[in-house]
Amino acid sequence: MRRQQQGSGSDGASASASARGASREAGETARWSSLRPAGPAVIGSGPGSLQGMQQTLGNEATARAVRRGKRPVNRPPAIDERAEQGLVLPPYLLELEAGGLSTAYGLTGQEFVGSAVAAVVGHGGATVAGIAAELAGRPESFFGRGRAFAVEGGQGGGDGFDVTVSIEPAPDDLPPTFHPAATLASAPPDPGGAPLAAVDDAEGKDTKVDVQHNSGATASSTVGNSSSTGAGGTAFGLAPVAPGLWLGAAATGSVQPWQSSRDSRSQRGVAEPRVLRSDSGSVEVARRVVYVVRVRRQEGGGEQVFRGTGGLTQRVPTEHLIPAGTEPLPSSGTGGQERPVDADLARRVALADSLAPLAVSDTAGPHQGGGGLFDAVASVLHPSLTAPGAPGRSRLYEATATPTVLEDLPRLLGGDGVTGDDLYSKDGSSAGSYRMRAVVTGLTPAWGTGKTQLRTHQQAQHTATESAGKGRSVAGGIGPAIGVGAAANAAVVRATAMPVAAARKARFSVNEQTVSSRQGAEVRGEKVLYRGTVQFTVEGTGPRSVRAILRPEARVATHALRVWISLRADEARELGLPLPPGVEAGEFIKQPEAGAEERHLPFGATGSSVTLGRLDTAPMMKAVRELFATDPRLTGYLPTFGATPPPADLSREEAETQRANDRELMAALSEANLRVNKDQLLSTGIRVRLRRKTAMHAHDVQLRVHGTMGEAHHLGEIDDWLVRAHAGVAANAQTGRSSSRSIGGMVLAQARLIPGVLTGQARYERQSSGTRRNQAGPTTRTDVLTNGSEKASAFGAALRLNVDVTMTSRQRKLARAVTPGGPGRDAPEAKLLSGLHMEEQDVRLLTPSEFTVGPDEKARLDAGADQAPGPERPVTGAAGIGDLAGLAPAPDPTAGQLVRDWQLVETIGDGQPVRDLALALLSRGSCRMT
């Protein structure tokens, strides 16, 4: 039987947590009892007795199993019969601890969640509707301890609520045991009473499962200015009608025929997308589940817990099923611990190219007071940022949820961690953030996961947008006026109320260019799964609480989470990790055979077909932060984290600028950005600009990171490793027109405080406007994707990273406008402040094996590398640049065979001749010959 009957229902708060926990532990005990050998009796002292069950499952689970009358299974023969016992779900899927490489759909009974939350908070919209949508769209994200949300009170007023929603296995949940369809009829019954199903069912044997994870950072800046020229005025026409009383009319109007605006926006983003795809088919598993809803007022008070039954369907890859009888991993309930990992091994695991976090779970609650990651991060922040009703509370719930942590885990393990978003208090008067890092502290081998495919990439994208507009506007109004008092034949106080109408028309143009690059690999081959522990360290920044002032170390907190990590088996063996039982792996990099011709990279490390791996940026980031903390000329550019107190006179605007600088630094000097911009790193260098302003001056500090790489030597070949690279250029040019109309009213009062000398005025306006905007234009995009062969050549090289720090200071715009200056004051000179030279580190270069060359061909390439370009030849028959594409090349008897079909054109080198030519053309165009 492949499918189980599904049902749904709601029993409110009738079921208790203890009953659900007992039934869940009993179900787990029954399943593992059927998978492990058991003794002839439950009570006794033999290896299969109650004592053995206690050592394996723990006292609590054993006691619950005995209370429910679970009968032991006789010890099977001492031979491996796991194949005959079938395939079952792994523990993290069986217990709905995490989703892993599986999908969930076909929910029933989930309407209970929205109804339960709406009944308590008083409404079913906004965040409540968002919870229902997330539950329907991503039910696997609610596995384990679930997700927490900050929900606003009803009628837009009342206290807020903390709502936690989770999905747990129901007491009557019993997933099937899978057998091949050919042997399903003769398969023995499951000892735990689970139904049997076909592992190669026709519906799922060809259905693959994809799961995508993406972690990224974005930094942007915008600069703009606008100007307008016109004339306007207000006039009163009053006549005396009685002593001290004046009546008449007033009018106002303005005309601005010359309006212009210009904006420039730059956005830089880095990302690390990962796609896990099953290699073979998949199976459907019908599950009986319990929806658990916890609601508590943010201001405090008792919590309300509701439970409702339902069902869902899981689709699980067949290679992620485990044989029945697989030894259970040690658990905290039985005193088991993960195998410890030292700092050096943890770092090498974090830099492994085939590393793919599969799942993250926590034993603590995700809500405030649950002892989870949210509480750890909130403890290093000012209490107002996560207070009831604060926007930072809701944002932090999302950032510390296990699905979000799973997305960010690769960046958390590498480099300098991840800087969180700005978190704001309820009234917006204070803001702060945090920095989080992670390190692997323990890994225990679990089991093999077949040939699950992994596509891992590092991606960088830069977008520059220029927009300009010109327009005109007119506004006017007329209405009655009144004056009171008399002084020199005029009213002392006069007032008017009038309707005002305005109109504006403009035309504009927008130019946008985007350049994106991506490098990575499609990793095939046998994979293995590890269960591990990751230690998270959180450091706060921003305003400090009284507790943080008295105890600065309170701004640093730690928290541990359980993770499931996938690695390629042969790379795990190379790293020195133990393999799961029954898994064997060969050499990760197969050494060249004795006497084989040595292979070389044709153009060194340059070119998009050569990818850079095993790059560790943590020492560089640490040195850069220490430089900014110790050099007095660089203080005030980066925020202080953790126990380091912030400057006493730091304003809110300066703190926001520091956090923006930190995000720019993290994005530009991240491992992903350096790897994907390898050619720039090894030539002109990668630059990042940090800004700081004082009362009269603006200071810019520019960091330039450039690397020097030694000669690459061939290490060997890697099978089932496809080197991938992508480059894309997009351009968007749009023009359009916009128009706006507005209607409103104005109340104006003027008073002659000192007749003939001083007049005061007060104005109140209210307008309603509508805008219409039309734009259109062409969009062009060019993409080049290279997907290497199934064999990659590995090369080792030594890389040294160097950091140059320069500073530029100039007067601010207001100071330059009001003070005289000489020529050149708007172009200050840059001063070199310092330089950092990191120690060499061993990196790995990968390229398709077909792109390597032998010694003779490498010698020919090196001999022709320094040849000067040929002489310039006049071009005839072309009236413009468009005609050049149709010209046939002139015959050259010394040239080789003419290549007509181009598949890939790759730029090799640093492009210095192109930059020199561009500079020469700019100099000639500006008549500044140098």
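Here are a few notes on this predicted model, point by point.

1. Some ground rules to begin with. Residues are numbered from 1 along each chain as its sequence is written, and side-chain values use heavy atoms, with hydrogens and water left out. As this is a predicted model, local features need pLDDT of at least 70 and side-chain atom pairs count only at pLDDT 80 or more, while totals for chains, interfaces and linings use all residues.

2. Who are the neighbours of β9? Strand β4 (residues 161-169) runs antiparallel to β9, joined by 9 bridges, and Phe161 sits opposite Arg297. Strand β10 (residues 303-317) also pairs with β9 in the antiparallel sense, over 15 bridges; two strands pair if DSSP finds at least two bridges between them. Here Val285 has Gln314 in β10 as its bridge partner.

3. Now for helix α15 (residues 652-668); helices are DSSP H or I runs of at least four residues. Its 17 residues should span 24 Å at 1.5 Å a residue, and the end C-alpha atoms are 25 Å apart, which agrees. That expected span is 1.5 Å times one less than the number of residues. Buried residues in α15 include Ala655, Leu665 and Met666.

Key: Helices (H or I, at least four residues) and strands (E, at least two) are DSSP runs, numbered from the N terminus. Buried means under 20% relative accessible area, exposed over 50%, partly exposed in between (1.4 Å probe, protein chains only).
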